[in-house]
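Visitor: Hi, could you walk me through this one? I'd like to start with pockets, and I'll need the terms first.

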Amino acid sequence: RKQLRHGEQSSAQGTALLMEISSVYSAFPQISSLSVSGEKAETVDTTTLDGAAAKTKANTGYVENATISGECLYDPDDAVHAAFKTKVRAAGTNNFKVTYADTTPTSEIYAGLGLGFDTSVSPSDMLRGSFTIETTGAPT
């Protein structure tokens, strides 16, 4: 792998989402886009009637958890795609690992729940799927 210099960007190619199946992390195949979004420190409005004109805020100490979402070329015969859809239908918590294609590589493990999977079919396109994973707790 190429060592990045200050200011260079890491390529997205090679970034992976892995799902824990029977205590083993298996790559979620054929992903065309992946997003980890929404993680944010929560704040509370502390503006008072006798305060300055500028609004004030304070941290609550809580963090809003991330949502993992993405799109893939869906293969109904793929074991990992099938396992994900099975987990959607049997609500529970499952671990997911996001591994970035940086020089280390860096990985974060999320406890996922609230799973969703949508399928789209078009005569001029491939069979596609889109997925969402709500997370709970801090990533490790």
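Guide: Happy to! Strands here are DSSP runs of E with at least two residues, numbered from the N terminus. A residue lines a pocket if it has an atom within 4 Å of one of the pocket's grid points. Keep in mind that this is a predicted model.

Visitor: Thanks. Which element gives the most to the lining of the largest pocket?

Guide: That is β3, with four residues.

Visitor: And how much space lies in that largest pocket?

Guide: About 160 Å³. The lining has 14 residues, and the closest to the pocket centre are Ala 12, Thr 15, Ala 16, Ile 31 and Leu 34. β1 (16-21) and β3 (31-37) are the elements that give two or more residues to the lining.

Visitor: Switching topic: what is the order of elements from the N terminus on?

Guide: The run is β-β-β-β-β-β-α-β-β-β, that is, one helix and nine strands. The protein is more spread out than a compact globule, because its radius of gyration is 19 Å, well over the 14 Å that the globule rule gives for 140 residues.

Visitor: What box do the C-alpha atoms fill, then?

Guide: Roughly 65 × 45 × 40 Å along the principal axes.

Visitor: What share of the residues is buried?

Guide: Buried residues make up 22% of the 140. The accessible surface comes to about 9,100 Å², and 51% of that belongs to carbon and sulfur atoms.

Conventions:
Residues numbered from 1 in each chain as written. Predicted model: local features only at pLDDT ≥ 70, side-chain atom pairs only at ≥ 80, totals over all residues. Heavy atoms only, no water. 1 Å grid on protein atoms, 1.4 Å probe; cavity = no way out; pocket = protein on both sides within 12 Å on 5 of 7 lines; lining within 4 Å. Points joined across faces, edges and corners; volume = space filled by probe spheres on them. Rg over C-alpha atoms; globule rule 2.2 N^0.38 Å. Buried < 20%, exposed > 50% of the residue type's maximum accessible area, 1.4 Å probe, protein only. Areas by Shrake-Rupley, 256 points an atom, 1.4 Å probe, with all protein chains shown as cover.
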